[in-house]
Amino acid sequence: MAMDIREATNKLYEMMNSGDTSKLDEVMDPNLVDHEKISGVESSGSQAFRDFVSLFRSAITDFRITANDVLIDGERAAIRFTLSGRHTGDQLGMPATGKPFSIEGIDIMRFENGKCVEHWGVSDQLGMMAQLGLVPAP
């Protein structure tokens, strides 16, 4: 039986927080189409999600993503989230700053048979860079 979309969404966010993507195939199609390009992630499909989690958790201590709002409409989920942590590792050529940050973003996911098959996402990356002191604050 296919997993409920809300349950699948919660599992994806739990995986990001724990770093354990060993059960990713239960909630994400291996051929996921991701419309959000993450710098430093060259893979595709569900492997890109694994690589994103690994990349960010290696550079961000106390990595935490919180789903503030989850809206389900048919086979789609829209999630407003907060991402926070402390930048303690080199990432994409940026030296660790040791500074904390907290940003917001939105994920939209399309599901088929209880698995995420398509993803769109935006987050306040400029806000994160400003909080880390890597660019001037607006």
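Trainee: Which residues in α2 are buried?

Mentor: Some ground rules come before that. This is a predicted model, where local features need pLDDT of at least 70, side-chain atom pairs count only at pLDDT 80 or more, and totals for chains, interfaces and linings use all residues. Residues are numbered from 1 along each chain as its sequence is written, and side-chain values use heavy atoms, with hydrogens and water left out.

Mentor: Buried means under 20% relative accessible area, exposed over 50%, and partly exposed in between (1.4 Å probe, protein chains only). In α2, the buried residues are Gly45, Ser46, Ala48, Phe49, Phe52, Val53, Leu55, Phe56 and Ala59.

Trainee: What covers the buried residues of α2?

Mentor: The cover includes α1, β1, β2 (60-73) and β3. Those labels are DSSP runs, numbered from the N terminus: helices are H or I with at least four residues, strands are E with at least two.

Trainee: How many Å should α2 span?

Mentor: The expected span of a helix is 1.5 Å times one less than its number of residues. The 15 residues of α2 should therefore span 21 Å, and the end C-alpha atoms are 22 Å apart, which agrees.

Trainee: At what angle do α1 and α2 pack?

Mentor: Two packed helices are described by the angle between their axes and the distance between the axes. Axes are lines fitted to C-alpha atoms, for helices over the stretch in contact, and angles run from 0 to 180 degrees between N-to-C directions. Here α1 and α2 pack at about 40 degrees, with axes 9 Å apart. Contact means heavy atoms within 4.5 Å. From α1 come Leu12, Met15, Met16, Asn17 and Ser18; from α2 come Phe49, Phe52, Val53 and Arg57.

Trainee: Is Asn17 buried or exposed?

Mentor: Asn17 is buried, because its relative accessible area is 16%. Leaving aside neighbours within four places in sequence, Asn17 contacts Arg57, Phe63, Arg64 and Ile65.

Trainee: Which residues are closest to the centre of the largest pocket?

Mentor: On a 1 Å grid over the protein atoms alone, a pocket is an open set of points with protein on both sides within 12 Å along at least five of seven lines; lining residues have an atom within 4 Å of a point. The largest pocket has a volume of about 670 Å³, the space filled by probe spheres set on the points, which are joined across faces, edges and corners. Of its 37 lining residues, the closest to the centre are Glu36, Ile38, Phe52, Phe56 and His119.

Trainee: In which strand is His119?

Mentor: His119 lies in strand β5. His119 is buried, with a relative accessible area of 9%.

Notes. On a 1 Å grid over the protein atoms alone, a cavity is a set of points where a 1.4 Å probe fits but cannot get out, and a pocket is an open set with protein on both sides within 12 Å along at least five of seven lines; lining residues have an atom within 4 Å of a point.
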